[in-house]
Amino acid sequence: MDRLARVWLLLIQIVLGYEWLSSGLRKLETGGQFVAGLPQTLARFAEKNPYPWMKAFLTGPATANATLFGNLVPWGEVLAGLGLIAGALYLLFLARRLNGVLQRVAGILVAIALLGGMTMNAIFGLAAGHTSPSTAGLNLVMFFSQAMLLGFWIGVILQPVEEIALRRRPA
């Protein structure tokens with residue numbers, strides 16, 4: 001893949017990482033307000049949810065375990081954001097300095113962050129996408145952007161070690 005194309009992909013990854021990180025930090029900064037208000041939020045999402053199985057999940061296990069989910073969501077967002085940002089910065093600046101095992105481990109950690117982000121976007125989109133077109137659209141765009149980045153990172157993980165670093169091709 002062309003170096004410039006990789007750089008653009010990684011910039012997109014940094015933007016997605018920033019979105020996850022800032023969203024998680026905002027929830028953590030509320031001092032527990034996100035957790036305390038989650039049962040009401042889940043009830044609002046379930047009220048007119050077009051998916052009966054999602055409505056059952058929101059009114060059942062999610063509401064019964066609202067404190068658990070309320071604590072997991074912001075930390076999941078923070079970890080996904082940090083993983084995406086760190087992975088992109090790693091590939092941009094450090095990949096040539098680490099051995100092949102560490103390069104693959106970094107790729108696997110970024111892939112895990114991408115899978116976590118995709119899972120959260122899928123759940124958020126199905127739970128709240130019906131509340132507004134922007135909510136549905138943002139979760140859909142983020143989900144498929146992360147899916148494309150996951151394909152890129154799987155390629156990074158599987159390629160020969162000497163090709164992982166972003167190098168200029170000789171002219």
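Author: The buried residues of α6 are covered by, among others, α1, α4 and α5 (100-128); contact here means heavy atoms within 4.5 Å. Bear in mind that this is a predicted model, where local features need pLDDT of at least 70 and side-chain atom pairs count only at pLDDT 80 or more, while totals for chains, interfaces and linings use all residues. Residues are numbered from 1 along each chain as its sequence is written, and side-chain values use heavy atoms, with hydrogens and water left out.

Now the helix itself. α6 runs over residues 133-158, which makes 26 residues. From first C-alpha to last it reaches 37 Å, close to the 38 Å expected at 1.5 Å a residue (1.5 Å times one less than the number of residues). Helices are DSSP runs of H or I, at least four residues, numbered from the N terminus.

Which residues of α6 are buried? They are N139, M142, S145, Q146, L149, L150, F152, W153, V156 and I157. Buried is under 20% relative accessible area, exposed over 50%, partly exposed in between (1.4 Å probe, protein chains only).

Let's zoom in on L150, which sits in α6. L150 is buried, at a relative accessible area of 12%. Leaving out residues up to four places away in sequence, L150 touches A111, L114, L115 and M118. G70, by contrast, is 80 residues from L150 in sequence and 27 Å from it in space, C-alpha to C-alpha.

The whole structure holds one salt bridge, where the side chains of K27 and E77 meet at 3.2 Å, N to O. K27 belongs to α1 (residues 3-29) and E77 to α4 (residues 66-93), so the pair ties together parts 50 residues apart in sequence. The cut-off is a Lys or Arg side-chain nitrogen within 4 Å of an Asp or Glu carboxyl oxygen. E77 is buried, too, with a relative accessible area of 2%.

Technical notes: Helix = DSSP H or I, 4+ residues; strand = E, 2+ residues; numbered from the N terminus.
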